[in-house]
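Biologist: Please take one part of this model and go through it closely. I would like to know what surrounds it, and then how the neighbouring elements are arranged.

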Amino acid sequence: RTRLVKAGQSVYREFEEAKYLFSVVTGEIRLANLLDDGRRQVTAFKSAGDVIGEQKNGYYQSDAEAVCDTVVCQIPLKSLDKYLKEMPAIQTALTAKMVDELHELRHHAILLGCKTPVEKVATFLVDRAEKITSNDGNEIDVELTMGRSDIADFLGLTIETVSRTITKLKKMGVVEVPSNHSILIKDREWLENQAEGEK
């Protein structure tokens with residue numbers, strides 16, 4: 001069944017008993033983990049078509065919260081085997097999602113471990129642009145459902161560093177910032193080069 005999750009509310013919490021697998025129908029979900037000292041690491045943003053509900057030994061492995069008003073479809077895990085047997089296409093789709101997830105995790109590990117703040121922000125913006133369009137045009141308007149603190153916790157930076165980096169890109173003419181939740185990419189090619197570590 002489908003379920004509306006209001007902005008800021010949780011779909012599930014880390015270490016909560018896992019009873020469902022979820023597919024995002026509309027909106028966006030933030031996956032995050034809290035460290036013992038209170039710091040938060042955002043590990044992924046999941047949007048329409050993505051599957052969430054990673055679990056180990058029967059317990060969820062992260063917090064899943066709605067970034068904005070979000071609709072999810074929840075599938076009872078106890079019924080999943082039945083669905084997989086009756087509809088092999090579901091198993092194929094889930095396998096494809098798992099492969100995508102592994103690619104994203106590797107991509108994120110490289111981003112956190114090796115990249116400069118400019119490269120991190122560039123990578124984030126390029127990834128967001130690729131999610132909303134396959135257009136190779138150099139200009140694209142990227143809507144951000146999340147705030148600067150979410151972006152900072154995703155990139156392993158402080159909010160101040162994220163803001164300074166975006167301001168730097170703005171002064172260089174690479175982006176424009178119509179609002180806190182919108183960034184207009186003016187030079188996509190330059191951002192892509194930075195994301196790849198090309199100077």
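**A buried arginine and its surroundings**

Modeller: Arg-30 has a relative accessibility of 10%, under the 20% limit, and therefore counts as buried. The model is a predicted one. Arg-30 belongs to strand β4. Its side chain makes a polar contact with the side chain of Asp-150, at 2.6 Å. Asp-150 is also one of the residues that Arg-30 touches once residues up to four places away in sequence are set aside.

Strand β4 is part of an open sheet of 4 strands, ordered β2-β9-β4-β5, with antiparallel pairing. The edges are taken by β2 (10–12) and β5 (40–47), each of which pairs on one side only. From one strand to the next, the twist averages 30 degrees. Strand β9 covers residues 63–66 and pairs with β2 in the antiparallel sense, over 2 bridges. Within this pairing, Ala-64 in β9 stands opposite Tyr-12.

In general, the strands of a sheet pair through backbone hydrogen bonds, in either a parallel or an antiparallel sense.

There is also an open sheet of 3 strands, in the order β11-β13-β12, and its pairing is antiparallel. Here β11 (140–143) and β12 (175–179) are the edge strands; each has a single partner strand, so one side of each is left without a neighbour in the sheet. The average twist between one strand and the next is 25 degrees. Strand β13 (residues 182–185) runs antiparallel to β12, and 3 bridges join them. Val-175 has Ile-185 in β13 as its bridge partner. Helix α5 (residues 159–171) packs on this sheet and touches β12 and β13, its direction making about 120 degrees with that of β12.

Helix α5 also meets helix α3. Their axes come within 10 Å and cross at roughly 80 degrees. That angle falls between 65 and 115 degrees, so α3 and α5 are roughly perpendicular to each other. On the α3 side the contact involves Pro-117, Val-118, Val-121 and Leu-125, while α5 contributes Thr-161, Thr-165, Ile-166, Lys-168 and Leu-169. Sorted by class, the contact has 6 nonpolar, 2 polar and 1 charged residues.

Helix α3 (residues 117–132) includes Ile-132. At 53% relative accessibility, over the 50% limit, Ile-132 counts as exposed. Apart from its neighbours within four places in sequence, Ile-132 is in contact with Ile-140, Asp-141 and Val-142. Strand β11 spans 140–143. The C-alpha atom of Ile-132 is separated by 9.2 Å from that of Glu-143, which lies 11 residues away along the chain.

By contrast, Ile-132 in α3 is exposed.

Conventions:
Residues numbered from 1 in each chain as written. Predicted model: local features only at pLDDT ≥ 70, side-chain atom pairs only at ≥ 80, totals over all residues. Heavy atoms only, no water. Buried < 20%, exposed > 50% of the residue type's maximum accessible area, 1.4 Å probe, protein only. Contact = heavy atoms within 4.5 Å. Pairing = 2+ DSSP bridges. Axes fitted to C-alpha atoms, helices over the stretch in contact; angles between N-to-C directions. Parallel < 35°, antiparallel > 145°, perpendicular 65-115°, else oblique. Nonpolar A, V, L, I, M, F, W, Y, C, P; charged D, E, K, R; others polar. Polar contact = N/O pair within 3.5 Å; in protein donor to acceptor, adjacent residues only side chain to side chain.
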